[in-house]
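Hi,

Here is the structure I said I'd pass along.

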Amino acid sequence: MIALASDHAGLPLKKEIIELLESMNLEYKDYGTYTGESCDYAIFGQKAANAVASCECERGILCCGTGIGISLAANKTKGIRCVVCSDCFSAKMSREHNNANMLALGARVVGGELARMIVEIWLTTEFAGGRHQRRVDQIMAIEAGEDLAAK
């Protein structure tokens, strides 16, 4: 299951992503917002991030004006590796090399068709593991408070 969330600026793009997920027969849970009324992205980003961190959802996709604010909020949740992507190559590498579990998109940055391409690539790319697992483990060690430079 895919966790979805947006603020008011990202809502139209989130609706396009919902159409894509439905066409791919992928289940999702929408954590809001549901209206175009001004709201705070951090609230909705955290709701979706909590669903991914708790394994209620396998991955998450977030939308706000730039993708930046909502990704910063999501990344404060332990276990979340949320990336902002505006191109297909970064989407592919974020999964293949970094095992990103959340994707953030900027509705004011990418158009609907590009966003659909980014999401489809991100959802269908598997983590390569191998040497990349060591690096993901290092990221998680930093999150746990380890000082990698002291080693």
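Below is what turned up, starting with the inside.

A word on the source: this is a predicted model, in which local features need pLDDT of at least 70 and side-chain atom pairs count only at pLDDT 80 or more, while totals for chains, interfaces and linings use all residues. Residues are numbered from 1 along each chain as its sequence is written, and side-chain values use heavy atoms, with hydrogens and water left out.

The largest nonpolar core has 21 residues (a core being buried Ala, Val, Leu, Ile, Met, Phe, Trp, Tyr and Cys residues joined through side-chain atoms within 4.5 Å; buried is under 20% relative accessible area, exposed over 50%, partly exposed in between, with a 1.4 Å probe and protein chains only). Ile 17, Ile 61, Leu 105, Ile 118 and Val 119 have the most contacts inside it. Among the elements giving it two or more residues are strand E1 (2-6) and helix H1 (11-23) (DSSP runs numbered from the N terminus, at least four residues for helices, H or I, and at least two for strands, E). Leaving aside residues up to four places away in sequence, Ile 17 touches Leu 4, Ile 61, Cys 63, Leu 105 and Val 119 (contact: heavy atoms within 4.5 Å). Another core, of 18 residues, lies apart from that one and includes Ala 5 and Cys 39.

Then there's His 132, in helix H6 (residues 131-143). His 132 is buried, because its relative accessible area is 5%. Again not counting residues up to four places away in sequence, His 132 touches Glu 96, His 97 and Phe 127.

Val 84, by contrast, sits in strand E4 (residues 82-84) and counts as partly exposed because its relative accessible area is 34%.

Cheers
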